[in-house]
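Please take a look at the structure below and keep it open as you read. We will walk through it one region at a time.

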Amino acid sequence: MSAQPQIKLTEAENALLAAYTQQVGDLPGNGDVLIARDRLITDIKTKGLPTRRVEAWHYTDMRNLLRQVPANNDGDVAAIEPLISGSAVFSLSNGKVERKAKAEGVSVRGIAAMLEDGTGAFLMSPRGDDDAIGRINGGFLRDGLEIAIADGAALAEPIELQVLHSGGQSHARFVVTVGAGASARLIERQQGNGSSAALVSSVSDLTLKAGADVTWVIVQEQGVIDTHLGQINFRLEKDAKLRLFIVNAGGKLVRQEVHGVTVGEGSDFTFRVINLLGGESHTDVTMTLGHDVPETTSTEIVRNVVFDKASGVFQGQIRVAPDAQKTDARMACNTLLLSEEADFSTKPELEIFADDVQCAHGATVADIDRNHLYYLMARGIPEKKARALLVQAFVAEVVEELDDEPLVEALEDVIEGWLERHGN
Amino acid sequence: MLEIRNLHARIAEDGTEIIRGLNLTVKAGEVAAIMGPNGSGKSTLSYILSGREDYEVTEGDILYNGESILELDPAERAAKGIFLAFQYPVEIPGVATMQFLKVALNEQRKQRGEAELTTPDFMKRVKDAAAHLKIAPEMLRRPLNVGFSGGEKKRAEILQMALLEPKLCVLDETDSGLDIDALKIVSDGVNALRSPDRAVIVITHYQRLLEHIVPDTVHVLYKGQIIKSGDKSLALELEANGYADVIEAAA
């Protein structure tokens, strides 16, 4: 009955559709949710996954890069310690809520129940035609957490959201609202313990009410054969401040999308990314930011360290709406290319429709400074260790800027650990 | 301890020969001064001893405790006890000075098969050595050499030397950029390290430093060769008469 032109599906696309057929019987949801799921999966069936002809996916040809889709694998998931001890830990294992901490000023609802009673049907709306992550996540979504932080709550301990898996498929969703004047630190951990490949999608929708102050850290440490599809969507109301910090330190095919809008005057977005790339991995960080109202600010700094045959992408789009005067946005992308075969593509995009704004972007590429390397070696530090120190130095200032000692130390450990495993 | 035999070396990039048949022997316990006019190859010699890859040895050998070190990289040479105090220490943003010191000490110890230092032991050593060199703790909290004054950089070099306890110390124009007080502090630091099992090579333009670090031998380097050797009186003679007489006599 459909008049949609048929395309020849890839092995991965066929596997996705087969997985859906297999899982749909026990995916949670009322009739509305089920219809929405079917629509999302039908979109994939008729259009396929995005190729480089889709502008938002130009540097990450998902259709060609995603070769296989693993079957569901409900293996045991090892618990992990929180990055910062004392954190309130919420965890998902293979897409199902496993652990829910109790914290004052924080109320939590399971998304599986919201799907069952239909109140979660809104989670099934993709961002647009090119939202492949939203489609996969919505189509396969089992569970997740809606977290509300009360107005004025000042959380002393971080909230850690652990998205864990044992290989196979894992699809997670978080809907987080931070109340007016509240402050919180949220740490999103993405990792697995499976020896078989994983396909992970994880989507978070974040709203900061007036004057809220949030640090959100994503630590992505998937295995070397895993596919990680992340997306965080946020809205900043009046005077809200969001610091979003992403460390990519794993995965074979990684796409992390960040889509935000400033909807209240005086709001500020601070975005920092550290991409540690090695092997034959491909990692894409794509950001779109709308400065929709006057007097909002943002800074974006992306630091990339690329070893081996790894490739990376940063797309940063900043839109300044016609009446968003006095916007101040500054974006920088700095890359350390450490092998002949490493590559990184960066695409800054400024769409400015207001006339009284300050927007800037810059990009640099460099190798390790030979004089620095020689100096460290002349003090007895072997080449491999000396290189690791210099790579760490390249990303250190971005981490230190967090100005939160336990968090800085925890992230330095993640970075150091990755370099010990990958530095050559 | 150190024996340089008929050494020839050039700049790797363009093949310019800098060291042209240099012979030099320095014994354990000895302080040897190397003097010479600009462009004679003094700094190049220090870089070659440390193993900088910008230079190629084309002939001859460098023996350290009887073994050739030509095949060793800078880190291996350092672990064997060779230390170069740089004329221009490089600034490395993002590497904290304390972290650098700890890594350097422990990496050398590892290469020698020794146990790593505990943090309290390390801290104590740094504190003691820094106090002797009048280095403020704030300086050690900054990134390595970043924002250090010329004098602070030189003191930081001597601090590293004191902590690493090398056997062969090469000081490349350590006196340049130092005022009298700093020169005294740095010289005292070097003198404190003098010992029967340690050799020091002091590369300098001026007699001034040698009043503080009194050498056992003085060698004149010119056009990549040692053209004259003597005791400390040779330095005084050079100070009084310049290099012209010595160069003429050698020609």
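## A guided walk through the two chains

Strand β11 (residues 217-222) and strand β12 (residues 225-230) of chain B run antiparallel and are joined by five bridges.

A word on what you are viewing. This is a predicted model, in which local features need pLDDT of at least 70 and side-chain atom pairs count only at pLDDT 80 or more, while totals for chains, interfaces and linings use all residues. Residues are numbered from 1 along each chain as its sequence is written, and chains are lettered from A and ligands numbered from 1 in the order in which they are written.

Now step back to chain B as a whole. Chain B contains ten helices and twelve strands. Its radius of gyration is 18 Å, close to the 18 Å that the globule rule gives for 251 residues, so chain B is as compact as a globular protein of that length. That radius is taken over C-alpha atoms, and the rule is 2.2 Å times the number of residues to the power 0.38. Along the principal axes, the C-alpha atoms of chain B fill a box of roughly 55 × 40 × 35 Å. Of the 251 residues in chain B, 40% are buried. A residue is buried if 20 or more other C-beta atoms lie within 10 Å of its own, exposed if 12 or fewer, and partly exposed in between, with C-beta atoms placed from the backbone.

Chain A has eight helices and 19 strands. A compact globule of 424 residues would have a radius of gyration near 22 Å, and the 21 Å of chain A agrees with this. The C-alpha trace of chain A spans about 70 × 45 × 45 Å along its principal axes, and buried residues make up 54% of the chain.

Next, find the open sheet of chain A. Nine strands form it in the order β3-β4-β6-β8-β10-β12-β14-β16-β18, with mixed pairing. At the edges stand β3 (106-110) and β18 (343-352) of chain A, each with a single partner strand, so one side of each is left without a neighbour in the sheet. From one strand to the next, the twist averages 10°; such angles run from 0 to 180 degrees between N-to-C directions, with axes fitted to C-alpha atoms, for helices over the stretch in contact. Within the sheet, β8 (residues 198-208) and β10 (residues 227-236) of chain A pair in the parallel sense over ten bridges. One landmark is A:L199, whose bridge partner in β10(A) is A:T227. Helix α5 (residues 132-140) of chain A packs on the sheet, touching β6 (168-178), β8, β10 and β12 (253-262) of chain A, and its direction makes about 100° with that of β8(A).

How do the chains meet? Here, 20 residues of chain B are in contact with 17 residues of chain A, where contact requires C-beta atoms, placed from the backbone, to lie within 7 Å. On the side of chain B that touches chain A, α2 (74-79), β7 (92-96), α3 (97-111) and α6 (150-164) of chain B each supply at least two residues. Of the elements of chain B, α3(B) gives the most to this side, with five residues.

Helix α6 (residues 370-377) of chain A is worth a visit too. Six of its eight residues are buried, so this helix is largely enclosed by the rest of the structure. Among them are A:H372, A:Y374 and A:M377. The cover over the buried residues of α6(A) includes α7 of chain A together with α2 and β7 of chain B.

Our last stop is a pair of loop residues. A:D403 lies in the loop between α7 and α8 (405-422) of chain A, and its phi is near 55°, a positive value in a residue other than glycine. With 10 C-beta neighbours inside 10 Å, A:D403 counts as exposed. In chain B, B:K134 sits in the loop between α4 (119-132) and α5 (137-141). B:K134 has a positive phi of about 55° although it is not a glycine, and it is exposed, with 12 other C-beta atoms within 10 Å.

Note on methods. Contact = placed C-beta atoms within 7 Å. Helix = DSSP H or I, 4+ residues; strand = E, 2+ residues; numbered from the N terminus. Pairing = 2+ DSSP bridges.
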